[in-house]
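Welcome, and thanks for opening the viewer. Let's walk through this model one selection at a time.

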Amino acid sequence: MEGLVVDKEQFTNEILKLEKSLYYTAKSILGNDEDCADVLQNAILKAFANLDSLREEQYFKTWMTKIVLNESYAMIRKNKATVSYEEYMENAAVSDSQAYSEIYMEIQALEEKYRLPFVLHYVNGFTLKEIAAMLGNSEAGIKMRLLRARDILKKQLAV
């Protein structure tokens with residue numbers, strides 16, 4: 001990014017570069033495509049409106065990911081009372097199992113405390129330090145969650 005993002009075109013270009021990464025982050029929390037699309041829209045609008053809060057350009061990806069995380073959790077809180085877990089899982093199982101690989105389904109089946117660091121690190125390429133800062137955890141804690149996630153996936157995929 002050349003200097004801080006100051007206009008709509010630069011901002012749009014940076015968002016387009018991060019689109020898949022941000023989507024995978026939201027998907028690892030929310031599970032369904034419609035909610036992910038809503039979260040990304042909200043996060044992009046919020047980021048553009050608060051662009052002046054970005055202090056250093058090299059942290060744009062981390063900053064955007066944190067906004068997506070916050071919006072994802074806000075969506076979960078908002079939807080808690082509107083959709084039963086059973087209904088959600090029934091709908092998600094039908095659509096997801098048809099569209100995604102076994103490995104993807106196993107990653108999605110991980111507990112969130114393992115799934116989110118796993119996706120942030122292995123899919124989005126964040127460092128342990130960046131993930132620890134985003135999730136409010138220690139680097140050692142993140143490292144342990146990644147180890148446990150890998151162990152769980154090895155066991156599940158070996159069957």
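Start by selecting helix H5, residues 102-109. Within H5, Tyr-104, Glu-106, Ile-107 and Gln-108 are buried, where buried means under 20% relative accessible area, exposed over 50% and partly exposed in between, with a 1.4 Å probe and protein chains only. Helices here are DSSP runs (H or I, at least four residues), as strands are runs of E of at least two, numbered from the N terminus.

Before going on, a word on the source: this is a predicted model, in which local features need pLDDT of at least 70 and side-chain atom pairs count only at pLDDT 80 or more, while totals for chains, interfaces and linings use all residues. Residues are numbered from 1 along each chain as its sequence is written, and side-chain values use heavy atoms, with hydrogens and water left out.

Now zoom in on helix H6, residues 112-123, and show Phe-118 and Tyr-122, which sit four residues apart, about one turn of the helix. A pair of aromatic rings is described by the distance of the centres and the angle of the planes. Rings of Phe, Tyr and Trp (its six-membered ring) pair if their centres lie within 6.5 Å; planes under 30 degrees apart count as stacked, over 60 as edge-to-face and the rest as tilted. The count by this rule is five aromatic pairs. Phe-118 and Tyr-122 make a tilted one, with 4.9 Å centre to centre and 50° between the planes. Phe-118 is buried, at a relative accessible area of 11%, whereas Tyr-122 is partly exposed, at 41%.

From Phe-48, go to Thr-12: the two are 36 residues apart in sequence and 9.4 Å apart in space, C-alpha to C-alpha. Thr-12 belongs to helix H1 and is partly exposed, with a relative accessible area of 35%.

Next, show Lys-61 and Phe-126. Lys-61 lies over the face of Phe-126, at 4.9 Å from the ring centre; the rule asks for NZ of Lys or CZ of Arg within 6 Å of the ring centre and within 35 degrees of the ring normal.

Finally, zoom out to the whole protein. It has eight helices and zero strands, and buried residues make up 37% of its 159 residues.
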